[in-house]
Amino acid sequence: MATITLENLSKRYAGTAKDSVRPKAIDDVSFDVQDKEFMVIVGPSGCGKSTLLRMIAGLEEIDGGTLSIDGKRMNDLSPRDRDIAMVFQNYALYPHMTVYDNMAFGLKLKRCSKSEIKERVMQTAQLLEIENELYRKPKTLSGGQRQRVAIGRAIIRRPKVFLFDEPLSNLDAKLRSQMRIELQKLHREIKATMIYVTHDQTEAMTLGNRIAVLNKGKLMQLDTPLHLYNCPVNKFVAGFIGSPSMNFIKGILGKVDDCFFLERSLDCKILLGSDVPVKIQRKVGEEIEIGIRPENIILSTCQQDEPASCLLEVMAFENMGNEQLIFLILQSETIVARRNSQEMVDIGSRLFIELRRGGIFYNIKEEF
Ligand code: ADP
């Protein structure tokens, strides 16, 4: 049982004489992690993810706010008294020890009996499928095997909470996706509370029960993966979650009969339809901004929409077999569309765009 509560956590690293007014690395962050939850913290490099994780682990001092585990204040407890295990990106294995000794080390410190250590090492090794590597040294293992040993060393202690700091970043793409599935399985089997830090939104979306999106030390939104995707609270989250990113298009709101459109220029009007939110309907003649995800841009070679029409030039084309990304020039900007098709598209050719109704976001607010 482990519920983690962060209340108004803040941290500012000491500045040098040159930059004495450093911004806060963590700025008033509050959220709860439920018992047995897999919480992912995601955000761009430098947003404060590792700092926050290290504050929870007890490796960084907390300047303001309260950190509690199961209702007990942790701020001043040393890392070893928090019953937490942390897995790092660089594995941090002892190079001179075998896999067996690396995993057994923490249990030896706890003065467990030899037979108990052996039983737990075997059990953990089986869970992680490294039982045939127990007598090898870390340098003879592949990246994936080393990462499993690092995870094994953490879970063997059966702590209340697991913290993962970008543990899969050093692995190649195929191994990363395999390890993602194994981590999900591991989470189901050991039923522990886990906090996982990553800059990779795909990893966040696939692993998290819930995801906390951080930017510049601040919590932007905490939600389930689908809710983050469908209802982002601001432009940062809208642009960060989803790959390729959401397209943002500005233009003047126009109306003919009961049909609204976004006017970029006289010969580029994008149809929005009639079900535009009432708040936006009042902005005819004003500039608005829409957000549209790549899969909600429909491309065609002949004009579909009346009274609007927008014919754009193809700048680049990526064919992935199962889907295609098509980059189009919209005046000085680029927008990207995604479709499931194997039909080739010529660079420099021109395609009409249409937006899928229901997929349009209106005037998403700025982040701060
Ligand atoms: P992330 O893990 O999201 O990449 P970090 O938590 O490592 O971000 O860093 C957040 C901010 O704090 C960054 O601006 C970084 O430069 C700064 N920072 C991190 N560690 C230190 C440190 N030991 N001393 C001073 N500044 C630091």
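In what order do the strands of the open sheet of four strands stand? The order is β2-β1-β4-β5, with antiparallel pairing, where two strands pair if DSSP finds at least two bridges between them, and where strands (E, at least two residues) and helices (H or I, at least four residues) are DSSP runs numbered from the N terminus. This is a predicted model, in which local features need pLDDT of at least 70 and side-chain atom pairs count only at pLDDT 80 or more, while totals for chains, interfaces and linings use all residues. Residues are numbered from 1 along each chain as its sequence is written, and side-chain values use heavy atoms, with hydrogens and water left out.

- Strand β1 (residues 4-11) runs antiparallel to β2 and is joined to it by five bridges, and L9 stands opposite V29 in β2.

**Backbone features**
- Most residues other than glycine have a negative phi, and most peptide bonds are trans.
- N8, which lies in strand β1, has a positive phi of about 50° although it is not a glycine.
- The peptide bond from S243 to P244 is cis, with omega near -5°, and P244 has its place in the loop between α8 (235-240) and β11 (247-256).

**The ligand**
- An oxygen atom of the ligand is 2.7 Å from a polar backbone atom of G46, and a polar side-chain atom of T51 lies 2.5 Å from an oxygen atom of the ligand.
- A nitrogen atom of the ligand is 3.4 Å from an N or O atom in the side chain of Y13.
- On its own the ligand has 560 Å² of accessible area, of which the protein covers 58%, with areas taken from the Shrake-Rupley method with a 1.4 Å probe.

Key:
A polar contact is a pair of N or O atoms within 3.5 Å; within protein, one must be able to donate a hydrogen and the other to accept it, and residues adjacent in sequence count only if both atoms are side-chain atoms.
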